[in-house]
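This briefing goes through one chain by topic. Please keep the sequence and the structure at hand while reading.

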Amino acid sequence: MAKIIKLHTKESYDTPSTECSICRCNFNPDAEGGLCGSLGILPVQFCPTCLSGIISMVEFLWDKRDEDGKFKISDDDENK
Ligand SMILES: [Zn+2]
């Protein structure tokens, strides 16, 4: 059982099961962690493993920004 909360309206509802949008495993956000929300109008759910991977990717890319805030990954970085 997972509770979905719409951040703007504070409306909430329960779902019987939650499937990760990336790896398709079933998980319980209340018991295991993870994240349920939306990217624009697209509802997404991330299991703890995929959420951890997303956070690691963002942390990696965050350090690769140029002065304009754009992500710069050189060919050298992709081969590491
Ligand atoms: Zn996953």
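The notes below start with the chain as a whole and then turn to its parts.

The model is predicted. Its chain holds 3 helices and 6 strands, which follow one another from the N terminus in the order β-β-β-β-α-β-β-α-α. Of its 80 residues, 10% count as buried.

**Confidence and overall contacts**

- The mean pLDDT of the chain is 85, and 88% of the residues reach a score of at least 70.
- Among the elements, S6 has the highest mean pLDDT, at 95.
- Helix H3, residues 75-78, has the lowest mean pLDDT of the elements, at 62.
- Taking contacts between residues at least 6 apart in sequence, 28% join residues at least 24 apart.

- Strand S5 covers residues 35-39 and strand S6 covers residues 42-46; the two run antiparallel and are joined by 5 bridges.
- Two of the bridge pairs can be named: Leu35 is partnered by Phe46 in S6, and Cys36 is partnered by Gln45 in S6.
- The hairpin formed by S5 and S6 has 2 residues between its strands.
- Gly40 lies in that turn and has a positive phi of about 65°.

**Links from the hairpin to other parts of the chain**

- Ile4 belongs to strand S1.
- The C-alpha atoms of Ile4 and Cys36 are 6.8 Å apart, although 32 residues separate the two in sequence.
- Ile4 counts as partly exposed because it has 16 C-beta neighbours inside 10 Å, a count between the limits of 12 for exposed and 20 for buried.
- Gln45, the bridge partner of Cys36, has its C-alpha atom 9.4 Å from that of Arg24; these two residues are 21 apart along the chain.

**Loop residues with positive phi**

- Most residues other than glycine have a negative phi.
- Lys10 is not a glycine, yet it has a positive phi of about 65°.
- Lys10 is in the loop that runs between strand S1 (2-5) and strand S2 (12-15).
- Lys10 is exposed, because 7 other C-beta atoms lie within 10 Å and the limit for exposed is 12 or fewer.
- Arg24 is likewise not a glycine and has a positive phi of about 65°.
- The loop that holds Arg24 lies between strand S3 (18-19) and strand S4 (26-27).
- Arg24 has 9 C-beta neighbours inside 10 Å, so it counts as exposed.

**Helix H2**

- Helix H2 consists of 15 residues, numbered 48-62.
- H2 is hardly covered: of its 15 residues, the count of buried ones is 1.

**The loop between H2 and H3**

- Arg65 is placed in the loop between H2 and H3, and Phe71 is also placed in the loop between H2 and H3.
- Arg65 has 11 C-beta neighbours inside 10 Å and therefore counts as exposed.
- Phe71 is exposed too, because 11 other C-beta atoms lie within 10 Å.
- Setting aside neighbours within four places in sequence, the contacts of Arg65 are Lys70, Phe71 and Lys72.
- With residues up to four places away left out, Phe71 touches Leu61, Lys64 and Arg65.
- Phe71 and Leu61 are 10 residues apart along the chain, and their C-alpha atoms are separated by 6.5 Å.

Key
Residues are numbered from 1 along each chain as its sequence is written. This is a predicted model: local features need pLDDT of at least 70, side-chain atom pairs count only at pLDDT 80 or more; totals for chains, interfaces and linings use all residues. Helices (H or I, at least four residues) and strands (E, at least two) are DSSP runs, numbered from the N terminus. The expected span of a helix is 1.5 Å times one less than its number of residues. Two residues are in contact if their C-beta atoms, placed from the backbone, lie within 7 Å. Two strands pair if DSSP finds at least two bridges between them. pLDDT is the predictor's confidence in each residue, from 0 to 100.
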